[in-house]
Amino acid sequence: MSEPKKLVRVLIAEIPSGYELTIEADDGHVLRVVATADQVDALARQFTKLADDEQAGG
């Protein structure tokens with residue numbers, strides 16, 4: 001597995017099948033992915049859980 005890269009930018013566009021996410025790293029690498037609404041919701045829930053855990057001291 002490659003080393004993690006620093007996130008520079010995320011752009012989100014709504015498309016007929018869900019969402020297109022364009023993710024740019026600090027080295028200029030750009031990744032475009034298509035996600036369903038359910039996948040985006042699951043991702044948002046994961047971020048919310050991490051933030052809640054952090055606020056709870058965990």
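Modeller: Helices (H or I, at least four residues) and strands (E, at least two) are DSSP runs, numbered from the N terminus. The model is predicted, and local features need pLDDT of at least 70, side-chain atom pairs count only at pLDDT 80 or more, while totals for chains, interfaces and linings use all residues. Residues are numbered from 1 along each chain as its sequence is written, and side-chain values use heavy atoms, with hydrogens and water left out.

Colleague: Let us begin with a single residue. In which strand is Thr 22 found?

Modeller: Thr 22 is found in strand β2, which covers residues 18-25.

Colleague: Is Thr 22 buried or exposed?

Modeller: The classes are buried (under 20% relative accessible area), exposed (over 50%) and partly exposed (in between), with a 1.4 Å probe and protein chains only. Thr 22 has a relative accessible area of 18%, so this residue is buried.

Colleague: Which residues is Thr 22 in contact with, leaving aside its neighbours within four places in sequence?

Modeller: Contact means heavy atoms within 4.5 Å. With those neighbours set aside, Thr 22 is in contact with Arg 9, Val 10 and Leu 11, and also with Val 30, Leu 31 and Arg 32. Val 10 counts as partly exposed because its relative accessibility is 40%.

Colleague: Next, strand pairing. How many bridges join β1 to β2?

Modeller: Two strands pair if DSSP finds at least two bridges between them. For β1 and β2 there are 8 bridges, and the two strands run antiparallel. They form a hairpin, with 2 residues between them. As one example of a bridge, Glu 14 has Tyr 19 in β2 as its partner.

Colleague: What joins β2 to β3?

Modeller: These strands also run antiparallel, joined by 6 bridges. Thr 22 takes part here, with Arg 32 in β3 as its bridge partner. The hairpin of β2 and β3 has 4 residues between the strands, and within this hairpin Gly 28 takes a positive phi near 90°.

Colleague: Where is the place of His 29?

Modeller: His 29 lies in the loop between β2 and β3. Not counting residues up to four places away in sequence, His 29 touches Ile 23 and Glu 24. For a sense of distance, His 29 and Glu 3 are 26 residues apart along the chain, and their C-alpha atoms are separated by 13 Å.

Colleague: Which residue forms a salt bridge with Arg 32?

Modeller: Glu 20 is the partner of Arg 32, with the closest N and O atoms 3.0 Å apart. Here too the pair links distant parts of the chain, Arg 32 being in strand β3 and Glu 20 in strand β2, 12 residues apart. Arg 32 is exposed because its relative accessible area is 56%.

Colleague: Finally, the helix. How many residues does helix α1 have?

Modeller: Helix α1, residues 37-55, has 19 residues. The expected span of a helix is 1.5 Å times one less than its number of residues. From its first C-alpha to its last, α1 reaches 27 Å, close to the 27 Å expected. After α1 comes Gly 57, whose phi is positive, near 90°.

Colleague: Is Thr 48 buried or partly exposed?

Modeller: Thr 48, which is found in helix α1, has a relative accessible area of 44%, so this residue is partly exposed. Thr 48 and Ala 13 are 35 residues apart along the chain, and their C-alpha atoms are separated by 21 Å.

Definitions and conventions:
A salt bridge is a side-chain nitrogen of Lys or Arg within 4 Å of a carboxyl oxygen of Asp or Glu.
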